[in-house]
Amino acid sequence: MTDRHPPLHDAHEARGAKFTDFGGWQMPVEFDSIRTEHAAVRESVGVFDVSHMGEVEVAGPDATALTNRLTTNDVRALDPGDSQYAAITDDEGVMLDDTVVYRLPDGTPAGEGAASLAAFEDDHDGDLDAPSGDPAYLFVPNAGHDGQMYDRWTAHRDEWDLDATVANATDDWAMLAVQGPDAADALDEATPRDRVVDLSKFEAASAAVAGVESWVARTGYTGEDGFEVMCPTGGAATVWEAFVDAPREAQPCGLGARDTLRTEMGFLLSGQDFDPESEPRTPYEARIGFVVELDTEFVGRDALEAQKEEGVDETFVGVRLRERGVPRGGYAVTDGDLTRVGKLTSGTMSPTLDEPIGLGYLHESYADAGTEVSVVVRGDEKRAEVVIPPFLDR
C-alpha cells in the first residue's frame, strides 16, 4: 500500500516527531515520550492529529435508508448535529469496522468535502435546523478503510436501487482530537465566536476554530472529556498551531499515547481487537452490543439476533497482571494450569496505573471480573485477574 501522509506531516517532522506506518498512513507515534503525552491527556490537555481516519459523505433522498442498512445502530434517531457509534457488519454479523456516524445539516451536498460543508453552514448562518433538503451524513471509517467502505456503500446503493450520493472525502478533511480535563477551556479560547463547549457528548456543530470553519464534535478515544475537530485540509496547520503554540500549549500527542489511553479504557482497535480476517468478532463478542439495534434491517441483523438469543462462547475482557511482565497482543491466556482459555489482542504497561494490562477474548466461563487466570509471557505463566473494562473510573 502506498504511504499516505496527513496534511500536517511536515509540521510534525519539524517538531521532531517519530513516525510509524498505520493503516497505510505515515503518522506520528510520539513527539516527546508516550508517558509525557499520556499524562498530559489524563491531567491537562493534549492534541492528536488523527487525519488518518476516513471520511465518507452520504446524501440524497435515500441516504438514511442506505446508511441504516449498512450500520448496526439506528441513524433515524439522529437529528442534525447528532452522532452515534455503530458497527459495520457482514452477513454473518462479523465486524468489518466500527465507526461514528454524524448527521449533517439537511441539504448538505456530498462530494465536495469539508469546504462544501463550511460554505453551506456560512450560507445558512450555522443554523442546523433552518435549511430544508435531503438528509446528509458523514461517517468515519478507521485508517485505511475509507476506500473499502466507499465501495461497500456504492455497491449496496446500486444493488438496492437507492437514490443517494456517496463520496470518499478523506483527502478533503483533516481531523484533530483535543482531549483532556482542560480540553473545553482550550477549545473555548480557540472559538470566540461559537459556544461549542456547550455541546453534549456525541453532539456536533459547525464552528470557526482559529478562524477556520470546522465541524466540531464532543467525541474522543481517550476516556477524557474532549472534542474532535474536522476542518478542510488547507486549514489544518492553522487549527493545529492554535492549540500547540502559545498561549494554550496543548501537548502534541502521537499514536503511542492514543493506544495506551484507549487500552486503559478498553476501547476497541480495528484491525487488532477485531478484524474480519485475523480476528473475526461480532459486536456481542466485542462487548458493544449496545450499538446493535435489532429493530432495524441491516446487513448481519439476523445472524446477530440469533447470537443474542444463543449467547457467545467468548467475550472481550481486560486482564491485569499480578506479576512482572508486559502482556501483548497474541499472548495466550490460561487457567494457570497450561489449559488455554483465550488470548490477548492488545496489551501495554498502563502509564496511569503503572500496572501491566491487556485486552482480549476469554471463554465465557472465565470472563467474570476477579477470575484468576494466567497470561503466557515468553513461555512463563504470569498470574493475572480478569477486569471488566475500563481499568480507570472515568
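Analyst: Here is a walk through the rings, then the cores and the cysteines.

A word on ground rules: this is a predicted model, where local features need pLDDT of at least 70, side-chain atom pairs count only at pLDDT 80 or more, and totals for chains, interfaces and linings use all residues. Residues are numbered from 1 along each chain as its sequence is written, and side-chain values use heavy atoms, with hydrogens and water left out.

Let's start with the rings. A pair of aromatic rings is described by the distance of the centres and the angle of the planes. Rings of Phe, Tyr and Trp (for Trp, its six-membered ring) pair if their centres lie within 6.5 Å; planes under 30 degrees apart count as stacked, over 60 as edge-to-face, and the rest as tilted. The structure has five such pairs. One of them joins Tyr 221 and Phe 267: with centres 5.9 Å apart and planes at 20 degrees, this pair is stacked. Its partners come from distant parts of the chain, 46 residues apart: Tyr 221 is in the loop between strand E11 (212–217) and strand E12 (226–232), while Phe 267 is in the loop between helix H8 (255–265) and helix H9 (301–310). Helices (H or I, at least four residues) and strands (E, at least two) are DSSP runs, numbered from the N terminus. Tyr 221 counts as buried at 18% relative accessibility, whereas Phe 267, at 28%, is partly exposed. Buried means under 20% relative accessible area, exposed means over 50%, and partly exposed is in between (1.4 Å probe, protein chains only).

Another pair, Phe 316 with Tyr 361, is tilted, at 5.2 Å centre to centre and 55 degrees between the planes. It too links distant parts of the chain, with Phe 316 in strand E14 (residues 314–321) and Tyr 361 in strand E17 (residues 355–363), 45 residues apart. Phe 316 is buried at 2%, and Tyr 361 is buried at 1%.

Now for the packing. A nonpolar core is a set of buried Ala, Val, Leu, Ile, Met, Phe, Trp, Tyr and Cys residues joined through side-chain atoms within 4.5 Å. The largest one has 30 residues, and Val 47, Leu 187, Val 216, Val 239 and Phe 243 have the most contacts inside it. Among the elements giving two or more residues to this core are E11, E12 and helix H7 (236–244). Leaving out residues up to four places away in sequence, Val 239 touches Leu 176, Val 209, Val 212, Ser 214, Val 229 and Cys 231 (contact means heavy atoms within 4.5 Å). A second, separate core of 24 residues includes Ala 59, Trp 215, Ala 217 and Cys 253.

What about the cysteines? A disulfide is a pair of cysteine sulfur atoms within 2.5 Å, and the count here is zero. The nearest cysteine sulfur to that of Cys 231 belongs to Cys 253, 17 Å away, which is too far for a bond. Cys 231 is buried at 1%, and Cys 253 is buried at 2%.
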